[in-house]
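Visitor: Could you take me closely through one part of this model, the sheet and what surrounds it, and then say something about the nonpolar cores?

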Amino acid sequence: MPRLLVTGGAGFIGSNFVRYWLEQHAGDRLVVLDALTYAGNLASLEAVKERSEFRFVHGNVCDTPLVEGLLREEAIDTIVHFAAESHVDRSIHGPDAFIETNVFGTHSMLKAARKIWLEERALAQHRFHHVSTDEVYGSLGPADPPFHEQTPYAPNSPYSASKAASDHLVRAYHHTYGLKVTISNCSNNYGPFHFPEKLIPLTIVNILQGRPLPIYGDGRNVRDWLHVRDHCRGIDLILAKGRAGEMYNIGGGSECENLSLVQRLCVAADEAFRGDPSLAIRYPDCPAARGEPASASIKFVPDRPGHDRRYAIDCAKIAREIGYRAHVSLDAGLLDTFGWYTEHSQWWRGVMDGSYRRWIETHYRDESLLRTGDRARS
Ligand code: NAD
Ligand code: TDX
């Protein structure tokens, strides 16, 4: 049975992966290593914290001796490396943490894996899976073919540059030292437990609180939306059937312009409030609680510097070699995600107070985005 070390397991995708894994592979040892930055929350791991297979370790991936100790002590043979600084806007305002965690942190993980697996244990069966992003490929024009695994790297933000650097290090540890690695480059994830700084969860919680819905630039930027559950299944398949040294793109097959995506969430809110009168009581500041369309709160704001225009993923390789395809349609996924946020306000209110709020206050100059005084408590 595999023994997993999951870094960044208290974050959005990591915590979904931990729940997915323990559902699908009950009995496998699973250790989470997470520094609990603003993006990491133990509340996201509530459902598994009592499982005997599960252990949480509070620590930093840059702490190589700590990682070596865990690999030894827990006889880990599989690393799934999610830990990263992940928000493009934050990387524009402060790139240092991105270089530290994404580049040095990944190198620290690789050094520890090499030392324990190759030098100390001569462990033939091992896997270092690195979770990366489609942003390393840069930006597409409207008629360009989607990114495939041979698309040259052309990262445009400090975030994507740091992820590209980490991908190169992972690849180099395979070619130079023979470490058995795989890399997945996936598109924009969405789903439950997503920190409300990224477009979908931010839009949902702002709708529910009657706040403006910020759209950068003209709102015509395109992302390929991947439900986090499909992403977790894709990683599971790569661990089981992926070839060492290979990269695999994972997409959702759901390209959508930002403005259209936000409008779809607004329609979902209007319909949900019409169908469930308890929502208006729980979220009295939501326009839909007064019968007004949520889309009236859409607000165009200045564009993100260097904003990539379009991402799209060609999944042919992972479909052909491993049999992956996305199961969750964007319509079903958005409805499901909207519903999750309406039912889990305790989670999102909890993760949003504190450091997130202070960051928003420092970096958004547009005061109307900071309107406070929401009365909603559910
Ligand atoms: P997230 O920001 O929600 O979570 C990151 C987690 O890593 C948090 O729990 C945080 O506490 C932890 N962490 C940060 N620095 C750490 C450190 N130095 N040591 C240990 N733990 C640390 O991120 P996410 O959205 O879940 O993304 C997970 C991975 O997937 C990242 O590598 C990201 O680049 C990649 N990715 C994300 C998306 C997306 O749409 N969210 C898309 C493509 C790729
Ligand atoms: O308030 C907003 N308004 C807006 O128009 C925010 C937060 C975003 N946007 C736009 C910018 C992007 O075009 O929406 C799109 C999505 O933005 P984000 O949710 O910040 O995601 P993105 O920048 O595309 O990056 C995400 O996908 C790839 C993740 O954050 C990365 O970790 C991942 O690698």
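**The open sheet and the nonpolar cores**

Guide: Three strands form an open sheet of mixed pairing, in the order β7-β9-β11, where strands are DSSP runs of E with at least two residues, helices are runs of H or I with at least four, and both are numbered from the N terminus; two strands pair if DSSP finds at least two bridges between them. The edges are β7 (188-190) and β11 (255-257), each of which pairs on one side only. This is a predicted model, in which local features need pLDDT of at least 70 and side-chain atom pairs count only at pLDDT 80 or more, whereas totals for chains, interfaces and linings use all residues. Residues are numbered from 1 along each chain as its sequence is written, and side-chain values use heavy atoms, with hydrogens and water left out.

β7 runs parallel to β9 (residues 222-227), and three bridges join them; Asn189 stands opposite Leu226 in β9. Helix α7 (residues 228-241) lies across β7 and β9, running at about 70° to β9, with axes fitted to C-alpha atoms, for helices over the stretch in contact (heavy atoms within 4.5 Å), and angles taken from 0 to 180 degrees between N-to-C directions.

Turning to the cores, the largest nonpolar core has 35 residues, and Ile200, Ile207, Phe273 and Trp348 have the most contacts inside it. Such a core is a set of buried Ala, Val, Leu, Ile, Met, Phe, Trp, Tyr and Cys residues joined through side-chain atoms within 4.5 Å, buried meaning under 20% relative accessible area (1.4 Å probe, protein chains only). α8 gives the most to this core, with seven residues.

Methods: Chains lettered and ligands numbered in written order. Buried < 20%, exposed > 50% of the residue type's maximum accessible area, 1.4 Å probe, protein only.
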